[in-house]
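Reader: I am new to this structure. Can you show me how to read it, feature by feature?

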Amino acid sequence: MSKKQITFNIELRERIGTGGAREARNNGFVPGVLYGGGEDPVAISLRLPEVLKAIETGHFLSSTASLVHDGKKQMVIPQAIQMHPITDRPMHVDLFRVTAKQKIKVEVPVHFVGEELSPGLKKAGTLNVVRHTVELLVPAGNIPESIEADVSKLEIGDNVKISDIKLPSDAEPTITDRDFTIATIAGRAAVVETDDAEGEEAEDETTAEAEGDDADGEASED
């Protein structure tokens with residue numbers, strides 16, 4: 001499934017600072033700042049329903065958006081969003097100007113496939129996910145929706161590293177100094193079995209002590 005295109009119809013915000021931001025929120029907008037691209041920062045107002053819709057896509061901070069003002073469009077990448085700690089309403093948005101070919105850093109979700117075929121998982125192993133997302137350097141106009149990690153052939157003790165994942169030809173991980181791990185197939189914790197054994201031993205010792213007490217009691221009665 002492809003990502004839903006995010007579009008923001010914006011207005012320029014003449015008043016800046018706390019007062020201007022408060023006025024924008026009172027009028028049903030979300031204050032924001034547009035910067036980057038070699039141009040000066042611009043205070044803007046985004047429509048609240050459009051911001052909420054963008055958040056609901058689940059990839060607000062990992063995909064580009066189209067900014068529309070006076071019929072002109074500008075590609076941007078959301079950089080940050082501030083939420084109200086109580087109402088969870090968006091309070092402020094930072095947007096960064098980009099071009100389609102410009103390479104940017106973005107977190108891309110990892111999608112795991114082949115879990116039902118993994119011999120390690122069939123042996124009661126567990127999938128231990130080290131990284132749910134991977135930061136990639138990709139063109140702004142070609143951000144992948146996700147990357148796939150195939151675990152179908154993994155045994156207990158095996159792992160998936162970034163070198164095992166097929167990335168788009170124009171994408172590369174931002175971490176280049178090591179072949180980092182994405183996930184491992186872990187076995188059942190031996191400590192569980194140890195705890196059970198210790199519990200059984202403790203129970204045997206308690207039973208033996210109780211039986212010894214009974215025997216002493218009977219001897220004293222005689």
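Author: Take the sheet to begin with. This is a predicted model. In strand 12, L136 has P173 as its bridge partner. That bridge belongs to an antiparallel pairing of strand 9 (residues 133-139) with strand 12, over two bridges.

Reader: What is the order of the strands in this open sheet, and which are the edge strands?

Author: The order is 10-7-9-12, four strands with mixed pairing. Strand 10 (147-150) and strand 12 (172-173) are the edges, since each pairs on one side only.

Reader: How do I read a helix? Which residues of helix 1 are buried?

Author: An α-helix has 3.6 residues a turn, so residues three or four places apart point the same way. In helix 1 (residues 17-26), the buried ones are G20, A21 and A24. They lie on the same side of helix 1, because they cover an arc of only 100 degrees around the axis. T18 and N26 are exposed, on the face turned away from that buried side.

Reader: What do the buried residues of helix 1 pack against?

Author: They pack against strand 2 (29-36) and strand 3 (39-47). Just after helix 1 comes G28, with a positive phi of about 85 degrees.

Reader: And the cores? Which residues touch the most other members of the largest one?

Author: In soluble globular proteins, nonpolar side chains tend to be buried together. Here the largest nonpolar core has 25 residues, and V110, F112, V134, L136, I147, V160 and I182 touch the most other members. Strand 7 gives the most to this core, five residues. A second, separate core has 16 residues, including F8, I10, L46 and V51.

Reader: What does L136 touch?

Author: Among its contacts are I104, V106, V108, I147, L167 and P173.

Definitions and conventions:
Residues numbered from 1 in each chain as written. Predicted model: local features only at pLDDT ≥ 70, side-chain atom pairs only at ≥ 80, totals over all residues. Heavy atoms only, no water. Pairing = 2+ DSSP bridges. Buried < 20%, exposed > 50% of the residue type's maximum accessible area, 1.4 Å probe, protein only. Arc of directions from axis to C-beta. Contact = heavy atoms within 4.5 Å. Core = buried A, V, L, I, M, F, W, Y, C linked by side-chain atoms within 4.5 Å.
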